[in-house]
Amino acid sequence: MDEQQPARFETVPLEQIGKTWGPRPTDRMVQHVRRHGILSPVLLAETTDDDGVLGLRLVDGNRRVAAAREAGQTHIPAIIVPAVDDAEVAELTLAVNTLRTNNPVTEWWAIDDLHQAGLRDATIAERTGMTPATLKARTRYGQLDPRIFSGLVYGRIAPSVVDKAARLPLEAQERIAESFHETGSLQTWQVEQEAKKFRQPRPGSAPQSLEDLTFQLDTLAAAAQALGLDRDAFLHAAGEAFARVQDESDND
């Protein structure tokens with residue numbers, strides 16, 4: 001078996017790197033790159049296609065590459081990992097994203113690659129350090145309305161908004177996707193408005209799942225904020241309510 005070659009440092013022409021995905025760089029980041037250049041190398045994987053042609057696949061650094069392009073740079077410093085297959089690239093992508101501010105788009109594609117390679121969720125979580133909850137949230141992207149997913153890919157919809165939209169039934173996604181198509185904007189309140197139609201529990205009804213309970217807690221937290229309560233006050237009130245219910249249960 002051939003010994004794995006070590007990673008190497010190179011300054012790579014930006015034209016050799018494909019499109020970038022996810023949230024666009026801030027204006028401040030672009031200005032900083034224009035003045036100082038890219039100070040932290042991106043991570044690239046050296047891959048070979050079916051015809052044996054070598055290529056470079058971006059593993060980590062979407063925003064740095066995008067910022068360099070906007071700033072008029074022609075080259076970018078990079079760490080290149082040689083001779084890896086698609087599954088190894090996907091695993092490396094998830095591992096790197098888990099250790100730093102993540103890019104949900106690249107995470108989803110990496111997870112999809114690993115699923116296609118036959119890995120189960122438990123194995124992916126074990127190898128990459130990704131939590132089961134995050135893994136589940138990213139997997140939902142595969143069932144998103146294409147217009148919402150496109151908005152995420154090109155940085156036009158915030159990941160937090162997409163995470164909420166991914167929990168909605170397809171018919172609800174279609175409605176908010178149509179609104180996004182018409183206005184070019186999708187906000188949290190629009191998603192929550194649709195969510196209430198499908199998930200709002202009946203008065204006095206008990207949650208039937210952890211997801212129902214989470215939704216009720218989200219609703220209560222929003223009400224607490226509207227009343228001017230801070231996080232500590234809300235947690236204190238919730239803790240006292242839990243204690244009262246527990247006391248009543250113990251006395252039954």
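Mentor: Axes are lines fitted to C-alpha atoms, for helices over the stretch in contact, and angles run from 0 to 180 degrees between N-to-C directions. Helices (H or I, at least four residues) and strands (E, at least two) are DSSP runs, numbered from the N terminus. This is a predicted model, in which local features need pLDDT of at least 70 and side-chain atom pairs count only at pLDDT 80 or more, while totals for chains, interfaces and linings use all residues. Residues are numbered from 1 along each chain as its sequence is written, and side-chain values use heavy atoms, without hydrogens and water.

The pair in question is helix H7 (residues 146–153) and helix H9 (residues 170–183), whose axes are 8 Å apart and cross at an angle of about 55 degrees. H7 and H9 are therefore oblique to each other (under 35 degrees is roughly parallel, over 145 roughly antiparallel, 65 to 115 roughly perpendicular, the rest oblique). On the H7 side, the contact (heavy atoms within 4.5 Å) is made by Arg-147, Ile-148 and Gly-151, and on the H9 side by Gln-173, Glu-174, Ile-176, Ala-177, Glu-178 and Phe-180. By class, the contact of H7 with H9 has 4 nonpolar, 2 polar and 3 charged residues (Ala, Val, Leu, Ile, Met, Phe, Trp, Tyr, Cys and Pro are nonpolar, Asp, Glu, Lys and Arg charged, the others, Gly among them, polar).

Arg-175 pairs with Glu-194 at 3.1 Å, N to O. Arg-175 is in H9 and Glu-194 in helix H10 (residues 188–199), 19 residues apart, so the pair links distant parts of the chain. Arg-175 is partly exposed at 37% relative accessibility, whereas Glu-194 is buried at 8% (buried is under 20% relative accessible area, exposed over 50%, partly exposed in between, with a 1.4 Å probe and protein chains only).

The whole structure has 10 salt bridges. In one of them, Arg-138 meets Glu-107 at 2.7 Å, N to O. Arg-138 lies in helix H6 (residues 132–139) and Glu-107 in helix H4 (residues 104–116), so this pair ties together parts 31 residues apart in sequence. Arg-138 is buried at 7%, and Glu-107 is buried at 1%.

Another salt bridge joins Glu-10 and Arg-8 at 2.6 Å, N to O. Glu-10 is partly exposed at 32%, and Arg-8 is partly exposed at 28%. Arg-8, Glu-10 and Glu-46 are linked in a network of salt bridges.

How values were computed
Salt bridge = Lys/Arg side-chain N within 4 Å of Asp/Glu carboxyl O.
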